[in-house]
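Q: Got a model open here and want to talk through it. Can you take my questions as they come?

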Amino acid sequence: MPGPMGRGPMPRGMKPTVKNPGKILKRLIKYMVLDNLALWICVCACIGITVFCMTVKGTLFTRQLLDVYIPGIQAGTKTFQDLANEIFVTASFILVGIISSFVQARIMVRITQGFQRKLRDDMFEHMESLPIKYFDTHSHGDIMSLYTNDVDTMRQMVSQSIPQFLNSIITIVSVSISMIILSPLLMIVSVVMIAIMLITTKKISGKSGKYFVKQQKAVGALNGFVEEMMSGQKVVKVFCHEDKNIEDFDKLNNELFDSANNANRFANIIMPINAQLGNVSYVVLAIVGGMMAINGVGGLELGALISYLTFNRQLNMPINQISMQVNSIIMALAGGDRIFQLMDEKPETDEGYVTLVNAKKVYKPGSENKEYTIEETDERTGVWAWKHYHKADGTTTYKELQGDVVFDDVDFGYTEEKMVLHDIKLFATPGQKIAFVGSTGAGKTTITNLINRFYDIQDGKIRYDGINVNKIKKADLRHSLGIVLQETHLFTGTVMENIRYGKLDATDDEVKAAAKLANADSFIRRLPDGYNTMLTGDGANLSQGQRQLLAIARAAIADPPVLILDEATSSIDTRTEKLVQEGMDKLMKGRTTFVIAHRLSTVKNSDCIMVLEQGRIIERGTHDQLIEEKGKYYQLYTGNQIAG
Amino acid sequence: MIRRLLSYVKEYKKESILTPLSMIIEVAMEMVVPMLMASLVNDGINARNEAGEVVGDMQHIILIGVFMIVAALIGLAGGIMGGVFGAKASTGFAKNLRKGMFDRIQTFSFKNIDKFSTAGLVTRLTTDVNNVQNAYQMILRMCMRSPMTFVIALVMSFTIKPSLALIYLIAVIILGCILAFIISKAMKAFEQAFPKYDELNASVQENVNAIRVVKAYVREDHEKKKFKTASNNIYKIFSAAEKLTTFNGPAMSITVYTCILLISWLGAKMIINTFEVDLNLGDLTALLSYCMSILMSLMMFSMIFIMLTMSAASVRRINEVLAEEPDIVNPENPIMEVKDGSIVFKNVNFRYNKDGKENVLSNININIESGETIGIIGGTGSAKSTLVNLISRLYDVNDGAVLVGGKDVREYDLEVLRDEVSVVLQKNVLFSGTIMDNLRWGVRKKKDGANQPETPQEKAEIEAECIRACKLACADEFIERMPDKYETYIEQGGTNVSGGQKQRLCIARALVKKPKILILDDSTSAVDTATDAKIRKAFAEEIPGTTKLIIAQRISSVMNADRIIVMEDGKINGFGTHDELLKSNEIYRDVYESQTGGNGDFDEGGEH
């Protein structure tokens, strides 16, 4: 069965040896078979029926024809009618065999495609649940290769290797039984010949395997080189490095050729050697069997010998096939191993229990609409509250969502050994604008990633409206935070859908209002299909500034009380920048905002500016205070003038 | 298309011819064997005495046995040769294809490179070549084999019994038609299905890249739902396509067994002399075994056909690279020396797309003296990069001319020109290797005796030169703080140095060339303003004779230049000194005001 894509036979960077293949195989079979047990049993049954009806019955018919009917008719003990009956019976058997093999093929399609669907769904589902750390520590290419190469090797195993394996085993067993019935003595000879075949195969495939390992290494080296050079091709041109490049490439290319040639050579000669050994086996059996039959040893009849010889040929094929499938099964195991590694990755844990609910304010009578209590409601009121269940006394309290964020002596490191943030203390009261400035790697983005718990802190506390963020359900916490990331990512779909990403049930008008707020409306309307313009390839057809505006609109529609804005540093022209800036300013109104700023204009009017250096807040205060302090901020600020 | 590809077989032509020839030997022997088997059964095992009783003839069995073993040996020789030659021919072909493509890519101009994505080129060089290699091997080994088996088996059958062999011929025609029908249907289905499959993978890719957005908006469930729908669609489409191919097996089996039963029946009748035609048991055995060979070969053929069409996409993609004509090539009698660092743009128009109507650059006229420092400023898309890329002839102008050292850039030897005009690209890359290895990229090739290994003295000189360049680019200070200094290993893509460090290394690399013209295309955007200023100061003091073009977003990076070009929509909006522009140029004044006086920019600063 041809599979989707004639993708390369070996996945990139594949390790040809698998640790603990038995364990993986067991797990794989469990994973594959459990859901589809009934179907797999059907497949086994179908294969059994097919082998019996076609291989055994079909072959036996020839024997009967040559041994019983033709001589019988010649001798007058049988009639043509008898032969016709026999042919009819055989035909019926074969028809059953054909039907069952057809049924098997249909079921296999279902199993194979269903298995792939399950595999992909499970992988994707699990992947979505993984923490950001996973994506930081695994190259995106490697993750993609799981979905393409590894799923493909698994497909090959399920659709080809396993059925062939089953088929071969069932054939071997049933044919062997028939052969033993015909002549146990000859069977010994057959077994010896098969042993010789297996030993040769093993020897050669061992050699070929050694070269396949080498080939894999060579492929890896070449791929690495090619990837690097292709992405740096323009630099290569600028430095006239083409000749040196070709020289290096040739070396790797020739190495790959050498190992590929050897690996293929040995793999190629296994088949013909086995085929000819099969012929030799035929001759040996004919001679031994002939002598036995003529001398009347072991009660072998000449007709039976002919059948035996036919069976013997039928035995060789599945044995060859098994040895050929071994390789692809090992490859699939390696793929399975990698897929299981993904599935075994620990998902993001969420022990939070404080949830975000719609709420309404109930004013105390006589308080002149100043004092109120918060009550939960089903309507969407625009007022939100944290529903906090206290285990200790079994009470539930509500706290209005306001956007008050406090960092209390927070330490954080991406790895245990290396801390990137030290003793971070800060507080933002609702509606305040907090700016972070500092050099690359100072930890600005990291701080914002802690608020929405992309990463968990090692020490200290982060409180949101007075609640420890660890107690808040992650989904609800993130819903209450709007983020515009420095790197804008858009999804395949229309502009409308991309903005709606921030609030899935938003109406078209709401989307347009958000776009207007973000200053995106005017450029969107100038796109060929307006809001229905399709974006593909991460919005490749838009400029950087336009993508940024869409990301702002996307955050705007979510209407969160707290905003995190990571300003784009990449070159946006002054005009678009003004638009982006205005969009952001409008969005910030009335919200607690954390801004990672690169432009002074954004920072100046902040309620508080944090200057970060090497993971520590070294200065804090308003613009005027910091200027007065004449510290780092002053340096950064005036650096422009000095530089000029 | 195929012919162009095949021209890369080159030195493996011999093997490519020998492989099918060897396979013919193997097939021939494979066909002789059933004949011998027939004889063995017929005149050996089933030999009768005068009384007509089956007694067997041991001598005959042994004689034919010996023949069979000889045939097996010859077949083995053919098979092994086929395997060996086939491996060499196909892997060699793959090697040549890779080399062909890689060499071709090296000749590509920027315009050619822009056409292909990096990932696309990598796939072509790896997966696609691999597909073609496998397909080629299959063609050589199997494609010859199947028709040969088919023809020989059919001929043999006819020599045994033309009337019975006729059954095969009819069966073959019927089966052939059925298979062709099924396959053409299935292929169409698969062709429609593959793009969907690619789409699915694209959506995974998108999710992996944008995982932070997904998580920030808590859209995991939304994405899962989207993915499930897509993967279910794939399930349906591929199931439908594969279901079509499940008809192949039954069609084949029905034909084979109909033939076997028919021949058994008719054969039996003939043997028993009802039709007065003589046919013996052995012949019948042989006929039955040819039956399998013939129909199997047809089946194989159909499989091969499917596999080949699947590799057709790879063939097409490889061909795209091989057929791509580099649009910038060396002139015939190139000028080998650049006189000085002066640059002149004369009525230059430029479009990325030849047939495009809108000029990216239009009517550019500039005169830059040798040794001048020129700042270039302007919004994104105002074609600043495009402008400077024309100087080292990374692109060719459509109208007008660019002159360097008084001569049209199209008259220079490309290497000479690019050595003298050193560009630090906006999207720059470092390569895996030590810092020194990376800097050495800037070392010019020796003009004569290029293959001689460098002497220790030369090595020391080169390294001293590299260090000097690093000092100029303010890279020395951080390199010296690294544990292995200049021997520090840079990971692929330069991931273990920061953005600002990377940019400084790239500048140093360009300086090693000692060019007459140095172009910095937004190359200090990640370097803090103080270091940026230091670098510019070093340039002014250490390499005053070099013409320097500096593209920047930051006004402070350009305002001290001798003259400044203001770009807007592919046109020159202003060209003059800082003071002049401040007075006369609105855009310049706008940018200046927005960035200074409390509106400046910290931009990723502070890497000291």
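Q: Start with helix packing in chain A. Which way is the crossing of H3(A) and H5(A) handed?
A: That crossing is right-handed. Bear in mind that this is a predicted model.

Q: What angle do the axes make, and how close do they come?
A: The axes of H3(A), residues 80-129, and H5(A), residues 140-182, cross at roughly 155°. They come within 10 Å.

Q: Roughly parallel or roughly antiparallel, then?
A: Roughly antiparallel. The cut-off for that label is an angle over 145 degrees.

Q: Which residues in H3(A) and H5(A) meet?
A: H3(A) brings Met108(A), Ile111(A), Thr112(A), Phe115(A), Gln116(A), Leu119(A), Arg120(A) and Met123(A). On the H5(A) side they meet Leu146(A), Tyr147(A), Val151(A), Met154(A), Arg155(A), Val158(A), Ser159(A) and Pro163(A). By class, the residues of this contact are eleven nonpolar, three polar and two charged.

Q: Now further along chain A. How do H13(A) and H15(A) cross?
A: H13(A) covers residues 508-517 and H15(A) covers 544-558. Their axes come within 8 Å and cross at roughly 125°.

Q: Why call that pair oblique?
A: Because of the angle: roughly 125° makes H13(A) and H15(A) oblique to each other. Roughly perpendicular stops at 115 and roughly antiparallel needs over 145. The crossing of H13(A) and H15(A) is right-handed.

Q: What's in the contact of H13(A) with H15(A)?
A: From H13(A), Glu510(A), Val511(A), Ala514(A), Ala515(A) and Leu517(A). They meet Ala553(A), Ala556(A) and Ile557(A) in H15(A).

Q: Switching to chain B. How do H2(B) and H3(B) pack?
A: At an angle of about 160°, with the axes 7 Å apart. H2(B) is residues 13-45 and H3(B) is residues 58-107. That makes H2(B) roughly antiparallel to H3(B). H2(B) passes H3(B) in a left-handed crossing.

Q: And the residue classes in the contact of H2(B) with H3(B)?
A: There are 18 nonpolar, twelve polar and five charged residues.

Q: How many helices and strands in chain B overall?
A: Chain B has 21 helices and twelve strands.

Q: Is chain B spread out or compact?
A: Spread out, relative to a compact globule. Its radius of gyration is 37 Å, well over the 25 Å that the globule rule gives for 608 residues. The C-alpha trace of chain B spans about 125 × 60 × 50 Å along its principal axes.

Q: What about the contact between the chains?
A: Chain A puts in 128 residues and chain B puts in 145. H8(A), residues 242-295, gives the most to the chain A side, with 26 residues. That side has 63 nonpolar, 44 polar and 21 charged residues.

Q: What are the ipTM and pTM?
A: The model scores ipTM 0.77 and pTM 0.73.

Q: And pLDDT for chain A?
A: Chain A averages 79, and 91% of the residues score at least 70. Confidence in chain A is lowest in H19(A), residues 632-643, at a mean of 57. It is highest in H12(A), residues 495-500, at 89.

Q: Where does the pLDDT of chain A go below 50?
A: Over residues 1-16, for one. That stretch has 51 contacts beyond near neighbours in sequence. Residues 640-644 of chain A are also below 50, with 15 such contacts.

Q: How does chain B score on pLDDT?
A: Its mean is 79, and 91% of its residues reach 70 or more. Over residues 603-608 of chain B, pLDDT stays under 50. The model has 29 contacts beyond four places in sequence for that stretch.

Conventions
Residues are numbered from 1 along each chain as its sequence is written. Chains are lettered from A and ligands numbered from 1 in the order in which they are written. This is a predicted model: local features need pLDDT of at least 70, side-chain atom pairs count only at pLDDT 80 or more; totals for chains, interfaces and linings use all residues. Axes are lines fitted to C-alpha atoms, for helices over the stretch in contact, and angles run from 0 to 180 degrees between N-to-C directions. Helices (H or I, at least four residues) and strands (E, at least two) are DSSP runs, numbered from the N terminus. Angles under 35 degrees count as roughly parallel, over 145 as roughly antiparallel, 65 to 115 as roughly perpendicular and the rest as oblique. A crossing is left-handed if the near helix is turned anticlockwise from the far one by less than a right angle, and right-handed if clockwise. Two residues are in contact if their C-beta atoms, placed from the backbone, lie within 7 Å. Ala, Val, Leu, Ile, Met, Phe, Trp, Tyr, Cys and Pro count as nonpolar, Asp, Glu, Lys and Arg as charged, and the others, Gly among them, as polar. pLDDT is the predictor's confidence in each residue, from 0 to 100. The radius of gyration is taken over C-alpha atoms; the globule rule is 2.2 Å times the number of residues to the power 0.38.
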